[in-house]
Amino acid sequence: MDKCDVVIVGAGPYGLSAAAHLRELKGLDVRLFGEPMSFWERHMPKGMILRSPWAGSHIADPENRLTLDVYRMVNGNHHLAYPIPSTNFIKYGHWFHEQIALPADRRKVLRTEVAPNGYRLILEDGDTIHARRVVIAGGIQPFA
């Protein structure tokens, strides 16, 4: 059985933010499960505009090095402005994921069980992983 310190289930904005924060802790073995920004790509209406204000649309990272402002500056997206189209937010999410340099395991986590010293996660292909801690950032899709 594979082991790690922390598993993050979900690779949308909240899972990516959790990953960015946990990556700052040296020596911590963090695994990210999910398809980055997939809910946004597959389930948001075409042409949707984010309702959140500019300052509330950043994906949080520990030192604010990966804000929308930084993304706009680094990528020459000077046309990116408020209100933010969902297509631009999705691109920002993918850029954020690249910057944190934590690969996403795209397999689905089917079940999480309490185990000695943590949790046992069963993946869709039957593999299991033991994690001392689990962060669930599954988003809203499972609740539809």
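Guide: Let us begin with a term: a residue is called buried when its relative accessible area is under 20%. Please keep in mind as we go that this is a predicted model.

Visitor: What makes helix α1 largely enclosed by the rest of the structure?

Guide: Helix α1 covers residues 13-23, and eight of its 11 residues fall in the buried class, so the helix is described as largely enclosed by the rest of the structure. The buried residues of α1 are P13, G15, L16, S17, A18, A19, A20 and L22.

Visitor: What covers the buried residues of α1?

Guide: Among the elements that cover them are the strands β1 (2-9), β2 (30-33) and β6 (128-136), together with the helices α2 (38-43) and α4 (86-100).

Visitor: Why is the pair of Y92 and W95 called stacked?

Guide: Y92 and W95 likewise both lie in helix α4, three residues apart, about one turn of the helix. Their ring centres are 6.1 Å apart and their planes meet at 25°, and because planes under 30 degrees apart count as stacked, this pair receives that name. As for the spacing along the helix, an α-helix has 3.6 residues a turn, so residues three or four places apart point the same way. Ring pairs link W40, Y71, F89, Y92, W95 and F96 into a cluster.

Visitor: How do you know whether F89, Y92 and W95 are buried or exposed?

Guide: We set each value against the limit of 20%. F89 has a relative accessible area of 4%, so F89 is buried; Y92, with a value of 0%, is buried too; and W95, at 9% relative accessibility, also counts as buried.

Visitor: Why is T67 called buried, and which residues does T67 touch?

Guide: T67 sits in the loop between α2 and α3 (68-74), and its relative accessible area of 10% is under 20%, so T67 is buried. Leaving aside residues up to four places away in sequence, T67 touches H58, D61, Y92 and W95.

Visitor: How do you know that the radius of gyration of the protein chain agrees with that of a compact globule?

Guide: For 144 residues, a compact globule would have a radius of gyration near 15 Å, and the protein chain has 16 Å, so the value agrees with that expectation. Along its principal axes, the C-alpha trace spans about 50 × 35 × 20 Å, and 40% of the 144 residues count as buried.

Visitor: What pattern does the protein chain follow along the sequence?

Guide: The secondary structure comes to four helices and six strands, and, read along the sequence, they follow the pattern β-α-β-α-α-α-β-β-β-β.

Notes: Residues numbered from 1 in each chain as written. Predicted model: local features only at pLDDT ≥ 70, side-chain atom pairs only at ≥ 80, totals over all residues. Heavy atoms only, no water. Buried < 20%, exposed > 50% of the residue type's maximum accessible area, 1.4 Å probe, protein only. Helix = DSSP H or I, 4+ residues; strand = E, 2+ residues; numbered from the N terminus. Contact = heavy atoms within 4.5 Å. Phe/Tyr/Trp six-rings, centres within 6.5 Å; stacked < 30°, edge-to-face > 60°. Rg over C-alpha atoms; globule rule 2.2 N^0.38 Å.
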